Amino acid sequence: MTTKPLKQQDWSAQPRRALSAPQLVSQLAQVEGWQLSGDGADLAIQKTFSFVNYYETMAFVNAVALIAHQQDHHPDLKVQYNRCNVRFNTHDVGGVSATDFDCARRVDALLA
Ligand SMILES: C[C@H](O)[C@H](O)[C@H]1CNC2=NC(N)=NC(=O)C2=N1
């Protein structure tokens, strides 16, 4: 039997840029429940997801971890009993990039 490593995004060939304020406004209008948080290089998008118990919250957290690994893009997670706050920022560019919105959509799709 052969084992396959999980496929991972390679960002080295795709330079990323921080989105401008108008781009942020337009992108935010296209993702439900995501809000801006922080400022400067710490500017991020965030959303809190609610669950019925700790088990379901952790199942979500593990699914987000798989997305984070595959996309090579890692959100800050605040985990509580029945909710999880997901916060994306692109530290490589010191702001919010298109990658953050792409990952936000992938996380939303887990619950669609
Ligand atoms: C080299 C590596 O791909 C980069 O440092 C990735 C890793 N994960 C990351 N995660 C987040 N949230 N922002 C980044 O800029 C980032 N960069």
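Entry 1. Asp72 and the end of H2

I began just after H2, where Asp72 takes a positive phi of about 50°. The model I am reading is predicted. Asp72 is not a glycine, yet its phi is near 50°. I placed Asp72 in the loop between H2 and strand E3 (76-80). Is Asp72 buried or exposed? I count Asp72 as exposed, because it has 12 C-beta neighbours inside 10 Å and the limit for exposed is 12 or fewer.

Entry 2. The ligand

I then listed the residues around the ligand, and Asp72 is one of them.

I checked the span of H2 against its residue count. H2 has 18 residues, which should span 26 Å at 1.5 Å a residue; I find its end C-alpha atoms 25 Å apart, so the two agree.

Entry 3. H2 against H3

How do H2 and H3 pack, by angle and by distance between axes? I recorded an angle of about 145° and axes 10 Å apart. I noted the crossing of H2 and H3 as right-handed. From H2, I listed Phe60, Ala63, Val64, Ile67 and Gln71; these meet Cys103, Arg106, Val107 and Leu110 of H3. Sorted by class, the contact of H2 with H3 holds seven nonpolar residues, one polar and one charged.

Entry 4. The buried side of H3

I looked up which residues of H3 are buried and wrote down Thr99, Asp100, Phe101, Cys103, Ala104 and Val107. Among the elements that cover them I found helix H1 (21-28), strand E2 (44-50), helix H2 (54-71) and strand E4 (83-88).

I took Cys103, in helix H3, for a further look. Cys103 counts as buried because it has 24 C-beta neighbours inside 10 Å, and 20 or more are needed. Not counting residues up to four places away in sequence, I find Cys103 touching Ile67, Gln71, His73, Pro75 and Phe88.

I ended with two exposed residues. Lys78 lies in strand E3. I call Lys78 exposed because 12 other C-beta atoms lie within 10 Å. Which residues does Lys78 touch, leaving out those up to four places away in sequence? I found Cys84 and Asn85. I also noted Val61, 17 residues from Lys78 in sequence and 9.6 Å from it in space, C-alpha to C-alpha.

Asn82 sits in the loop between E3 and E4. With 12 C-beta neighbours inside 10 Å, Asn82 counts as exposed. Leaving out residues up to four places away in sequence, I listed its contacts as Ser50, Phe51, Val52, Asn53 and Thr57. Between Asn82 and Phe49 I noted 33 residues in sequence and 8.5 Å in space, C-alpha to C-alpha.

Notes:
Residues numbered from 1 in each chain as written. Predicted model: local features only at pLDDT ≥ 70, side-chain atom pairs only at ≥ 80, totals over all residues. Near = placed C-beta within 6 Å. Helix = DSSP H or I, 4+ residues; strand = E, 2+ residues; numbered from the N terminus. Contact = placed C-beta atoms within 7 Å. Expected span 1.5 Å × (residues − 1). Axes fitted to C-alpha atoms, helices over the stretch in contact; angles between N-to-C directions. Left-handed = near helix turned anticlockwise from the far one by under 90°. Nonpolar A, V, L, I, M, F, W, Y, C, P; charged D, E, K, R; others polar.
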